[in-house]
Amino acid sequence: MAIDWQAFWLTLRLAITVSAVLLALGLPIAYWIAYSRWRWKFLVEAVVALPIVLPPTVLGFYVLVALGPRSPIGRWWISLTGHTLAFTFGGLVIGSIFYSLPFAVQPFAASFAGVDRKLMAASATLGASPLRTFFRVIAPLSVPGLITGTALSFAHTMGEFGVVLMVGGNIPGVTRTVSIDIFDRVEASDYVTANATALLLLVLSFSVLAVVYGLNRKAWVVGPVK
Amino acid sequence: MSDAREVETSTSSVASPSVPQAVAPGPVLEARFHHVTPVRGREFVLDVEFRAAAGFTILFGASGAGKTTLLDCVAGLAKPESGRITVANRVLFDSEQRLSLPVAKRRVGYVFQTLALFPHFSVEQNVQYGLAHLSQAERTQRSSSILQAFRISHLARRSAREISGGESQRTALARTLVTDPEVLLLDEPLAALDAATKRKIIDDLRAWNQAHRIPILYVTHSREEVFALGERVIVLDEGRIAAQGTPHEVIDAPRQETVAQLVGVENIFDAVVEAMRPERGTMTCRIAGDGGPVILETPLVRGGVGSPMRIGIRAGDILLATAPPVGLSARNVIPGRIASLEQHDVIVSARVRTRVEMEVHITLAARDSLQLVPGKEVWLVIKTHSCHLMQS
Amino acid sequence: MEHIAKNLACVLIVACILANPAAAFAQQTKNGTELVVAAAADLSTALKEISDSFEKKTGVSLKLSFGASGALTQQIQNGAPFDLFFSADMDYPRQLITAGAADGTSLYEYAVGRLVLWVPTDSALDLDHKGLKVLLDPSVKKIAIANPQHAPYGRAAVAALKHAGIYDQVADRLVLGENVSQAAQFVESGNAEAGLVPLAHAVAPGMQGKGKYWEVRADFYPPLAQGLVILSHSQHKKEAAELVEYLKTKEAAELLRKYGFTLP
């Protein structure tokens, strides 16, 4: 039995990268969803929520074919980076970003929407720009949602399988994530290693989530004053 | 500090002697606009035009009259369909020029009904929030001096979630006032406070008003606050201005049912304290009238002989007699003649000419049984405690 | 309460059906029996045609499931209810026989597979002159093969590369497909510049014109003797045996040859 530690390290890197990107990317999207009053906003919300219901194979398909070297976008990507989206860590990151997007954006948006509008109005009357209002009032009061969203996108990416299977190419150290490794072991009848690896992934994911949710409860619960 | 003396009354009213104000120097808020809100299927239309000079302009009206919406439009939190809002020479909003200054640039201070203190900040951090553009030193200096002025210095480090109602109100005021706004909007800031706290905060506000002469729009549906603070009153009813003027003008003439209903004190007089009787808890006031004064015995308030007072008496509190009454506990008996009688629903409104004109409300039955007609001689009976004293 | 129980029951039923695809298929059709067949991915084109003609002849229809031989073996060992298993080698069927999941007497070598080097039509690589050595060309960034861990063609590809002496140089450019179909698809979509795939894929009607191939010499890799077995738990062993007999006919042999298989 030989646990593939490289696969663990790769999966961890993937999950951290994706969560970090989604934190940056998800904030403006969530802000818009929380506060916009555009009558067609529901369409945007539906698009953001799509990855929840679509099988990962759909995303994998698009990365592989619709964004592949024969498509205009794919060709542009190759001219930019010198290689395809598929079979690269970058390709996995991009696929995972779409895959985990709603898991970040929805908790963020819910948290923002829960901030008392009067606080935002007060901030504005005191001369603060919308950006300052966001960083000094909205964000600090939304920390539980921010943490939840980030933790969820992290965990979701740790467990990702379908997209990686479709476009990863199973390259050790680059695209062979833990989930692929477990799948391989099972197919090779190496149940012992598969079991050990799966257990390890379970324990790791659980620990991270437990720490995050534990911290989340204590420090950050705030409500409107009186 | 102002040299108006503190007034303590045994009733719940907050009294003020009025001083007719000349048009005060300082920036003037001028506004006219038309704003539509869809409310539960219908549309609520706010259509107003007014001028607010430096000092207190009371915005008075029932719930739902549009007072908060009006403030929101001035602050920029709501956008009127058409109109123009200016302060001094600055244009805050002009629909024709398609100009609408963003909220953060308007320099309009706004204390909300819910206060909206930042719960994750301390009192001091709340107060310093609007001073971010200043240097650290200036920020500290300004915030500590206003904290001191509002007597909340000892709470500086306390979290905004942990202070009492009165302390919160003062913090909210301090937070807004420290930014030196050009216009101040206060939305029912004293609701849900006890009388003593209210009075203290009103004093603080008045003191501040003396020092910084800016237009202050003060929303309330409390009649007492109108008289306590009002230099000018705008009465808002269903999105329109029903009356504007001094508290006195607005209540006396031209008589509009809505205004009278809203205000509920039909008789208001300027008076001067004639004598004080602390041992009895009363004092006498002289009201200047036609062909002589009217002397009323009123509850004792702190002041001195010669202090100007304003006395308010509800029409429903005045009794009518067709013969000089004897053996009554009431201290004020004033002879007069009925000038007119008007029936409103089940109430008869009698205007009685004494040396001053008073409005009296009686029942239909009373009118009939007393056989009241215009011209009839009557005596008005007013209890000492029906005279409400107000201080400006 | 009742409502919840009903919903729960529905969910469980749906879950069971989804978890067990073969179960949904293994039913009596209107006309006759249906055989559920697990087959190596390299048969994905050939077996469909064979299935059509078999059904015309006997009225027995085939429900086909394609995948990597190793993956299918796993599923069968864990109880997947197939009637027959067409592997891409002989070892996996033997594994099943040893495990008692397949009838020992039914083992039959039905075809010999061939490995080819396959590139997209517009590729500039000179396959005919250089053969496997084209893989050393710098323009070849990714080479697709099936995962050798559970696909016989993948193992054959690795053997061929080693035999040609270029394995070490190209190892880091290998991308592994779940099965030969995925490997072929990587090449076809252009994501991999070249791939080692079954001849059956390269000559399949759908693939003609999409790429060009070069047959790897047979001595470069252990022969891909492909065997089938009838599975122990099959309820339709009679019909399964009929299919095996059909494969021995001239008709079936023609079809297999058409798709690039040679006969043992």
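Start in chain A of this predicted model by selecting helix α1 (residues 5-35) and helix α8 (residues 143-158), whose axes come within 8 Å and cross at roughly 145 degrees. The crossing of α1(A) past α8(A) is right-handed.

Next, show the side chains where the two helices meet. On α1(A), select Thr11(A), Leu14(A), Ala15(A), Val18(A), Ser19(A), Leu22(A), Leu23(A) and Gly26(A). Facing them on α8(A) are Gly149(A), Thr150(A), Ser153(A), Phe154(A), Thr157(A) and Met158(A). Colour this contact between α1(A) and α8(A) by residue class: seven residues are nonpolar, seven are polar and none is charged.

Now bring chain C into view alongside chain A. Here 18 residues of chain A are in contact with 16 residues of chain C. To find the elements of chain A involved, select α3 (56-66) and α10 (178-187), the ones that give two or more residues to the side touching chain C. Which element gives the most to that side? Select α10(A), which gives three residues. Coloured by class, the side of chain A that touches chain C shows nine nonpolar, six polar and three charged residues.

Then zoom out to display chains A, B and C together. There are two pairs of chains in contact, and of these chains A and B share the most contacts. Last, hide chain A and look at chain B and chain C. How far apart are their nearest C-alpha atoms? The distance is 37 Å, and chain B and chain C do not touch.

Technical notes:
Residues are numbered from 1 along each chain as its sequence is written. Chains are lettered from A and ligands numbered from 1 in the order in which they are written. This is a predicted model: local features need pLDDT of at least 70, side-chain atom pairs count only at pLDDT 80 or more; totals for chains, interfaces and linings use all residues. Axes are lines fitted to C-alpha atoms, for helices over the stretch in contact, and angles run from 0 to 180 degrees between N-to-C directions. Helices (H or I, at least four residues) and strands (E, at least two) are DSSP runs, numbered from the N terminus. A crossing is left-handed if the near helix is turned anticlockwise from the far one by less than a right angle, and right-handed if clockwise. Two residues are in contact if their C-beta atoms, placed from the backbone, lie within 7 Å. Ala, Val, Leu, Ile, Met, Phe, Trp, Tyr, Cys and Pro count as nonpolar, Asp, Glu, Lys and Arg as charged, and the others, Gly among them, as polar.
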